[in-house]
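Visitor: I should like to understand the terms applied to this entry. Please take me through them one by one.

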Amino acid sequence: MFALSDNKPWTGAGVQGAKRVAATLLRPYAQVYFAKSPWVGFLFAAATFLAPLQGLSGLIGLIAADLIARWLGQPKDLIDRGFFGFNGLLVGLAIGLYYNLTVPMVGFLVLAVFFSVVVGAVLHYLTTRYIGVPVLSTPFVFAVWAALLATRRFSEAEFALEPILVTHWGAGLLPAGVELYLRSLGAAFFQLSVASGLLVFLGLLIFSRWAVLLSMFGFAGGWIVYSAMGGSAVDLSSHLIGFNFILAAVAVGGMGIVLSVSSIVYSIMAGALAAMLAAGMLALLGPYQLPVLAMPFILATQLMLFVVMVRTGKGALELVNGEWETPESNLNRARYRHERYPDPAVPVVYLPVSGRWMISQGPDGEHTHQGAWAHAWDFEVDDEKGKKHRNGGTTPDDFYAYDAPVYAPADGKVVRVVDAIEDNPVGEVDTANNWGNLVILWHSGQVYSALCHLKKGSIAVAEGQPVVRGQILGKLGNSGRSPIPHLHYQLQASPEIGAPTLKGEFLHYVVENGHGKQYVTHGVPDLGQEVVPLATDENVRRAVTLAPGREWTWAVSRGAERFEETWESRIDPLGARKIVEKRKRGQAASLSFYADDAYMTALEYEGASRRLLGLLYLGLPRVPFAKDHDLTWSDNLSAAAFLNPAANLLRDLFLPVRELVRMRSHSSMRWAEHGLVVTTHLEINSDLPFTVDRAVPERIEVHCIPDMGPVAIRAYRNDHLICQADLIS
Amino acid sequence: MTKATYQKPTIIRHQGGLSQKFGRPTRRASMERIDGVPVEELMEKYGSPLFVFSERTIRERYRQAHRAFSIRYPKVQFAWSYKTNYIDAICRIYHQEGSWAEVVSDMEYDMARRLGVPGNQILFNGPLKTEEALRRAFKEGAHVHIDHYDELYMAEQVAKEFDEPVPVAIRVNMDTGIYPRWDRFGFNLDAGEAFNAVMRMHSGGKLKIAGLHSHIGTFILDPQAYGRAASKLAELAKRIKRETGEVISYIDLGGGLPSRSTLHEQYAPGTDSTPPIDDYAAAICDALLGAGFPTDELPTLFIESGRALIDDAGTMITRVVGNKRLADGRRAVIVDAGVNTLFTSFWYRHDILPVHDKGGMPEDTVIYGPLCMNIDVVRPSVSLPPLSAGDALVIRPVGAYNVTQWMQFIRLRPPVVLIGEQGEVDVIRRAECVDDIKGPEQLPERFVEKRHVRVVG
C-alpha cells in the first residue's frame, strides 16, 4: 500500500566512519567563526590549503590537538565541539606561516599544540567555574606566543622567508576597502590572500547572513577608529589586525548576545574597541617582536560579554541562553522564549484559591493597589449574575467567598502569622489593622507572599512551619481594611507586614468569560477576570506523554507522497527532551519539548517543512493536562522551519526589528471514542508580498492514547485532508 | 376580560384572608410564563401534559452547586446521576458544564458512552453489574464501585485478563446519625467489613483500591450527616494508606442532596426548610480538609448529586379535564397528568399553580390524574381557586426522576421540551405513539388473523 523506504540502509561501516572523521576534522575549521556545519568548515579548510604547506601545518595541529585531548581524557563535548581542535588548528596555521615545516619543527608544533590543549583545559575549567565567559582562542594565543618566544633560542627553527605565492592572488582587482575586508576575514586563518578571504566569506555567508553583516559593521567600526585617529595603514594591511574587529563584532553582536538594534551598535563598538586594543597591544608587544594575534578580539569579547552578564537591570542587551547557534536562530529562540515562557527573573506562583474567583482589583488598581503596592490582587467570588452573596449580603457569612480555604501559592516557609483580629461587619473597615489576619510565606531568595484579610482563628499553620504548594493556610474572612470578604494577595521582597509589592505572575490558570475558557500558562490576571486554577487530569498527561525511549513508526501519506517516518523520544543528562526522527542518511528532523506535571510545550522544531515531525510541532504546540475539556489556548510559533528560502532570508534580515511572518495557533482538546484529540488551528500573518509557507496546514488534529502518545495525525487545508499519518508500530 | 368561572353553589368554610400564627394559610399565586415563554403558548403548540425544562435553571443550579464545592475544596468533580434524568439533551448540558456520568446499570453505561462520554469519565455504581459490563468498564477505564463480595470475586476474575491490577472503588455504608440508616449499598464500615473487603482486594493483587464511595441516603436534610460520612471515609482512606500503602485517589459522597421540593411528611415547605447547598459543601469539604491528608495525597471529591441540580429546572404543564364534588364535600379536579407521568407525586407535595388566577375563593382541592386507578392522586389537598375544564396548571418542581421513572401505563408518555438560554424551545423527546409501545412486540404466527383478500376483476 505504501511505496516505502527509498532510503537504503548504509551497510558499509567504513562510510559511516569516514563521515565521522570528516565531521571531526571540519568542525574545528568552522568553529573559528563560531559555525558548526561541515560545509562551512570545508570552505574554511579550502581557504587554508591555498597555501598547501601552511594548510597542512594547520591540519597537523588540529589532528594533534584532537588526539592529545582524547588521550588526556578531556570532556567529550568539548572535543566534539572542536574546542581543542580549532586552537590546535590555529597554532598549526601560525607556525606554518612563520616557519618552514622541517621535521624537528613538526615535533615542535606538536609540543606547542600540546601546550594549547593544556592551557585550554585549565582555562576552560576556570572560566566556566568562576567567570562564565567563553575561553575563545586564548589557548592558541598563549601557545603561539610561547612558541615564538622559545624559538628565539632554538636554532632549528627556520623562519619562512619565501613569500607565500598565493598572497598576491587576486590583489588589486577589488576596491581597496573590500580587498582589505576580505583579507582581514582570511587573516583569522593566517591567510593573506584575497582568494582565501573570498572562500572564508562564502563560508560565513552559508553560516549566517547576519554574521556577514555583523562582520562588516565590526570591520567598519575598527577601520573608522583607525582612519579617524590617523592610525598606521600598515597595521591594517600588513599586520592584518582587522579580523579582530570582525570576530569581536560577530561574537558580541549576535552570538553571545541576542541580535537586536542595540546589539548591532554594541558590535560596532566591539570592532572599535578591538581596534583600540590592537593598536595598544601592537605598541606594547612591538619591542618583543610578538604579533597581537587574536588577543584584541578575545579581550574585547570577554569583557563585553561579562559586563552584560553581571547587569542587574534588564538593560538593552540580552545574553544568549544555551548553545550559540547562529545570530538568527539565537534571536529566534530568544524571541519565542519571551513570548511563550515566563521570564526567569519574575517570580511565579499558583492561584491561592480553588474554584472560580473574580479579580475585584488587579495590579495598579483604582482603590489601594497603587504606588509601591501596585502589584497585588484582590479575589472575590461572584455568581453568573454578578452577585457576591446569597440572602441579603448583610453579614460576611452571606458572601460566597467567606470561609473559603486559602492555599499556599508555592512551596515555602511561614514567616508571619496574624490570627486574632475580628471580622468587620459588612461595609466597615479596620484601618488600624490594615492587613487583618494574614499569613506571610517565604518562598526563596527575596520572594515572599502575603495572604491577607483572613478569618479570625482560622489559620492552620504556625510561624516557622514549612508548607507545600496547595497546603491549606487558613480561611478567608473579613478582617483589616476589608469592607466585604475578599482575599488580598501580593508578592513582596521582604517579610514585613505591608512591605512593598513585587511584580509576579500566576501559573496555570483558566480565564472564564462569556466566550469560553481560555487556558493561560503564565500571566497576570486583570481586573474583572474570572479565574480558576487549572485542574489537571492524569489521563491527559499520559495521553500526550512522549516518554523517553519510546519509538513511533508512521505511515504517512501527503499528497501523492507515501513514506514512513520513525521517531524516537530522547532525554539528555540534564533532562532536556526531544523527539528525533531516525533516518538512515541525511539531515534528521528534531523537535525539542518541555513537559512537567501541568503541561507540555513544544520548544523548537529543526528540520524540513514536509516531515511529519514538523506537523507534531504545529499540532501540539502546547497542551495543558487539563481535566476540563472545553478549554482553548493560543500560542505564537516560529514559522522559520516552514518558510520558503526567499521568505526565510527576508524574515531573518528583518528579525531584529520585526517578525515578518507571524504564526499563531489556537488549540482545543476533547476526549473522543479512541482517546484524546487535540485540534490546532494555525493562522499566518505575513508582511511579505508573496506566498511564504510550504506545507503549513490550517488545521491539525493529533489523536493521542494514554501511555502511547500520538497515534494519528491529520492535517487539513481548506477542509481538505492534505496529510494523514497513522501509527504502524 | 375573562369571565369568572362558574361554580355549582356549595356551602364551604371561608378561609381566605384570615391570618393565624404561621401567617396567611393560603396564598394566591399563578405562573403565566416559564423562562419568559407563555405557558399557554407552549400548551397550544406541544399539547398537554407537557414536561418543560429550563436550560438556564439547569446551568444556574449546577454552577451554584459546583461553586459551593469548588471554592471550598481544590479537587472536585461532579458526575451527573443518569437515573435522575437521562434524556440526552439534559445529560449533554451537564457534560458541557464539566460533569462526568454516574451510571447504575449497563443500560445507563451504554447511554453515556453513546453520548460520547469517555469510559474514564464514568462512575459505575449499582448493585447489579454483569460480568460483561465489568469487562467493558475495566477496558474503558471506567470507575467501578464494587457493591458486594460476589461482585468483588467476579471483578477479580475479570481483572485477571488485564496485565496490571485494575483500579476500583468500594461502596461503603455506615452510621451517619440519621434515620433511616441505609446499609444495603456496599460494605459496612462500622462493622469492619469495608476494610476487610479492601484487604481482600489488596491481598488478591488483581484489583487495586483507588476510591471510596458512599450513598448515605436520599433527600437528607442534615448537612452534618455528610460531614460525618466524609470524616469516616477519610479515616478509612488513611487506614488503607497505613496498612496497604495504597493512596485513595478519590472519595465519592454520592448523591441524596435534597431539592427544594416538599416531602409529604414535611411540615414546612421545602423552599424554607431545605438547607442551602453551601451548608452541605462546607460540611463535606471541612471534614476532608481537616482529615489530615498530606497535600499531595488529597483525594478528589466526587459528588453525584442529581435531584438537587435538576429538580427546579423541570415544570409540568397539565390541563384541567373536569371538576367534581366528592361525597364528603371536598372539591376535586381531574387533570390530564397522573402518577403515570408524574411518578414523584408519591413522594412530594408538588407546588401546583394555575396559569391565570381568575379570582374566586381558593379551596382545598384533590388533584386526580387521568388513570382509571384509585391511587392516581397528584395532590391529596392543595388550595386552588376555581378552575374550569381546559384551564392550564403548572406543577413544579418535577425535573428529577419523573422522566426516568414514568410509565406508559394506560396512556402514552408526553413530550419533553427544553427552553434554551435565548428563549428558544426545542422538543428533546417527542410524544410517544402506539408504535413505540407495540414495536418490540411479536405476534406468533398462529395468532395472526388471515385477512381474505378479494381480487376484483
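Guide: Two strands pair if DSSP finds at least two bridges between them; strands (E, at least two residues) and helices (H or I, at least four) are DSSP runs, numbered from the N terminus. The model is predicted, so local features need pLDDT of at least 70 and side-chain atom pairs count only at pLDDT 80 or more, while totals for chains, interfaces and linings use all residues. Residues are numbered from 1 along each chain as its sequence is written, and chains are lettered from A and ligands numbered from 1 in the order in which they are written.

Visitor: What makes strand 23 and strand 24 of chain A a pair?

Guide: At least two bridges are required, and 6 join strand 23 (residues 675–686) to strand 24 (residues 699–705) of chain A; they therefore pair, and they run antiparallel. Val678(A) stands opposite Val702(A) of strand 24.

Visitor: What is the confidence in chain A?

Guide: pLDDT is the predictor's confidence in each residue, from 0 to 100. Chain A has a mean of 90, with 96% of its residues at 70 or more. Over residues 1–11 of chain A, however, the value is below 50, although this stretch has 14 contacts in the model beyond near neighbours in sequence. Where pLDDT is low, the predicted coordinates should not be read in detail.

Visitor: Why are chain A and chain B said to be in contact?

Guide: Two residues are in contact if their C-beta atoms, placed from the backbone, lie within 7 Å. By this criterion 21 residues of chain A are in contact with 17 residues of chain B.

Visitor: Which domains are assigned in chain B?

Guide: The bounds come from an automatic or database domain assignment, which gives domain 1 (33–52 + 312–438) and domain 2 (55–309) of chain B. Their C-alpha centres lie 33 Å apart, and the contact takes 19 residues from each of the two domains. On the side of domain 1 of chain B that touches domain 2 of chain B, helix 12 (402–405), strand 19 (416–419) and strand 20 (425–429) each supply at least two residues. Strand 19 of chain B gives the largest share, 3 residues.
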